[in-house]
Amino acid sequence: MNVQARDAAQEFGHRFGRRPTVSRAPGRVNLIGEHTDYNDGFVMPAALEFATLVAASPRPDRRLNVYSMIMDELRSFDLDAPAATGRHDWSDYVFGVAVMLERAGRRLQGADLVVSTDVPLGSGLSSSAALEVSSAHALLTASGLPFQPIAVAKICQRAENDYVGMRCGIMDQYVSACGVAGAALLIDCRTLESRNVPIAPNLKLLVANSAVRHQHAGGEYNARREACEEGVRLLKPALGAIRALRDVTPEALEANRKLLPDLIYRRCRHIVTENARVLEAERALIAGDFAACGAAMNASHASMRDDFEITCPEVDFLAELAQATLGVYGSRMTGGGFGGCTVSLVEAGAVKRVSQILVDGYRVGCGRDAEIFDCSPSDGAGLIPL
Ligand code: GLA
């Protein structure tokens with residue numbers, strides 16, 4: 001049995017004196033397609049082996065008691081007297097999901113829960129979505145209700161939007177709920193359909209954590225989203241029935257550039273060119289043209305750095321160092337931005353050498369320690385057999 005699951009089940013037994021079920025939902029790394037999800041566009045993430053586990057067992061009443069092993073804190077919540085807003089801590093992700101599940105018609109039973117995670121926190125690997133989706137899985141299981149992956153992803157996104165206050169898109173919750181071992185998912189964030197994009201066994205996804213922590217709730221992330229919405233408002237008179245930047249081609253944006261202030265234009269340019277790069281990366285991966293996929297990733301990084309302005313000097317350093325290293329097809333920042341991780345597409349045989357170059361180079365260049373993870377795409381949420 002998985003050691004993390006055994007520890008969570010043991011902790012549960014010790015605190016609550018019963019045998020739990022254990023639900024799992026993974027973090028994710030996004031290969032390409034950043035900030036395109038809330039613009040109805042395309043993304044290509046993969047679920048990770050890093051995951052959040054929730055050991056759970058139903059209670060006869062309507063209370064939720066949640067203990068976090070990593071925070072060493074217990075929080076309680078009454079489903080019949082839900083607080084309108086959160087407490088501004090980790091428990092918001094759990095209780096926000098419970099509130100939104102109920103609003104979506106899933107009548108929940110009370111439950112005791114123990115949360116454990118090995119997803120690095122605040123690093124752009126979606127620790128929040130892993131907590132939301134694993135909590136949803138555990139709460140539904142404890143209530144004897146089915147886990148419908150796409151519906152649950154939408155409910156978890158609502159929890160983060162309306163309860164936590166971060167206007168995220170659907171990507172992280174979707175891939176945490178629906179991920180497939182050995183493949184990335186090409187997700188169309190408008191139709192919510194996805195296609196598996198197999199990651200060849202001779203390719204590795206090398207994730208480098210800059211150790212610069214981001215804080216998304218509010219702030220810069222939401223500001224980027226507003227800039228995209230402003231772009232749509234300003235382009236509408238010229239382009240007619242557009243609903244989102246998904247509906248704007250790079251050519252149409254160029255032709256109407258004069259309608260937009262420079263900053264809004266550059267924000268929009270990132271999104272419309274990024275959508276094209278995601279589709280190109282998918283084509284290239286399927287064709288085995290790893291160099292072309294890498295080129296799209298490198299261009300994505302430049303666009304995030306120069307047009308969307310969501311990188312920082314440390315992740316620029318890591319991405320540029322990887323891009324210049326033999327055995328690396330491409331490298332870019334992954335996730336919401338302002339710190340966190342880079343992802344590099346690497347020849348399997350070069351992983352050890354590339355990892356060492358990144359660690360040594362980062363220490364000399366930025367005076368910090370980078371953690372390197374050699375990742376394989378894993379399955380989305382499910383029950384861990386005990
Ligand atoms: C965060 C959000 C996602 C997505 C990415 C950027 O991870 O949760 O919805 O917008 O940032 O691509």
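**Notebook: salt bridges and a covered helix**

I began with Asp-262, which counts as partly exposed at 42% relative accessibility (buried means under 20% relative accessible area, exposed over 50%, partly exposed in between, with a 1.4 Å probe and protein chains only). I noted that this is a predicted model, in which local features need pLDDT of at least 70 and side-chain atom pairs count only at pLDDT 80 or more, while totals for chains, interfaces and linings use all residues. Residues are numbered from 1 along each chain as its sequence is written, and side-chain values use heavy atoms, with hydrogens and water left out.

I then looked up the partner of Asp-262 and found a salt bridge with Arg-257 at 4.0 Å, N to O (a side-chain nitrogen of Lys or Arg within 4 Å of a carboxyl oxygen of Asp or Glu). Arg-257 is partly exposed as well, with a relative accessible area of 38%, and both residues belong to a network of salt bridges that also links Arg-266, Arg-267 and Glu-309. For the structure I recorded 32 salt bridges.

I turned next to Arg-75, whose salt bridge with Asp-89 has its closest N and O atoms 2.8 Å apart. Arg-75 lies in strand 5 and Asp-89 in the loop between strand 5 and helix 2, so the pair ties together parts that are 14 residues apart in sequence (helices, H or I of at least four residues, and strands, E of at least two, are DSSP runs numbered from the N terminus).

Last, I checked helix 5, residues 171–178, and found that eight of its eight residues are buried, among them Met-171, Tyr-174 and Cys-178.
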